[in-house]
Amino acid sequence: MLNDNILQKICETLAEGGVILYPTDTIWGIGCDATNPSAIEQVYAIKQRDPHKSMLILCLDYAQVSQYVSHFDTGVEHYLAKMERPTTVIYPAARNLPQNLVAADGSIGIRVPKSDFCTAMLQKFGKPVVSTSANFSGQPTPDSFSDISAELVEKVDFVVPEHCCDSHFSQGSNIIKITGNGEICKIR
């Protein structure tokens with residue numbers, strides 16, 4: 001269960017440019033303020049991830065998504081409403097985001113989570129949050145909190161208590177990509 005003190009600490013950490021370990025609507029993730037280039041660099045450093053590999057962001061709703069992509073089509077929202085499993089959308093033209101978060105082709109992966117925890121966090125923080133799996137690059141994605149490396153846990157600024165997890169999934173999201181001409185292609 002998420003209480004106000006935990007939510008406040010999460011938002012303070014994010015606002016100060018810190019990195020959090022938190023339960024997403026899919027798996028445990030590492031995140032930061034998606035509009036803070038220094039915080040994004042920290043996530044890359046913690047994960048030992050190639051900075052040329054982009055990361056996705058979580059947005060509160062489609063109104064927020066439209067602030068970070070050049071062309072938002074409401075047809076995507078209707079398509080996603082039919083999806084049972086969480087789905088990340090790769091949009092072709094990111095905007096209003098730091099360059100070190102955006103893919104080399106200008107795209108950005110965005111998911112609107114349906115979990116109570118993520119919704120409360122995003123609503124309180126008011127900005128998108130980076131979401132990348134809670135593992136070192138090249139290592140297996142953890143299925144649960146207990147599978148996360150203790151070394152990785154030590155590197156973040158705040159760890160959301162495990163009891164806040166309301167996710168029913170223990171695998172990554174579906175991934176779809178919006179092409180330049182607006183078609184939807186399933187990637188995973």
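1. A word to start with: contact here means heavy atoms within 4.5 Å. Leaving aside neighbours within four places in sequence, Val-19 is in contact with Thr-13, Ile-30, Gly-31, Cys-32, Ala-39, Gln-42, Val-43, Ile-46, Val-156, Asp-157 and Phe-158.

2. Please keep in mind that this is a predicted model, in which local features need pLDDT of at least 70 and side-chain atom pairs count only at pLDDT 80 or more, while totals for chains, interfaces and linings use all residues. Residues are numbered from 1 along each chain as its sequence is written, and side-chain values use heavy atoms, with hydrogens and water left out.

3. Where does Val-19 sit? Its place is the loop between helix 1 (4-15) and strand 1 (20-23); helices (H or I, at least four residues) and strands (E, at least two) are DSSP runs, numbered from the N terminus. Val-19 is buried, with a relative accessible area of 0% (buried means under 20%, exposed over 50%, partly exposed in between, with a 1.4 Å probe and protein chains only). Val-19 and Ala-39 are 20 residues apart along the chain, and their C-alpha atoms are separated by 6.8 Å.

4. Next, the nonpolar cores, each a set of buried Ala, Val, Leu, Ile, Met, Phe, Trp, Tyr and Cys residues joined through side-chain atoms within 4.5 Å. The largest has 37 residues, and Ile-57 and Leu-101 have the most contacts inside it. Among the elements that each supply at least two residues of this core are strand 2 (28-31), helix 2 (37-47) and strand 8 (174-178). Helix 2 gives the most, with five residues. A second, separate core of 16 residues includes Leu-7, Ile-10, Ile-20 and Cys-118.

5. Leu-101 deserves a look of its own. Leaving aside neighbours within four places in sequence, Leu-101 is in contact with Ala-34, Ile-40, Ser-54, Met-55, Ile-57, Ile-108 and Val-130.

6. Now turn to helix 5 (residues 116-125), whose buried residues are Phe-117, Cys-118, Met-121, Leu-122 and Phe-125. Seen down the helix axis, these fall within an arc of 120°, so they line one face of helix 5; the arc is that of the directions from the helix axis to the C-beta atoms. The face turned away from the buried side carries the exposed residues Asp-116 and Gln-123. What covers the buried residues of helix 5 includes helix 1, strand 1, strand 3 (56-58) and strand 6. Just after helix 5, Gly-126 takes a positive phi of about 85°.
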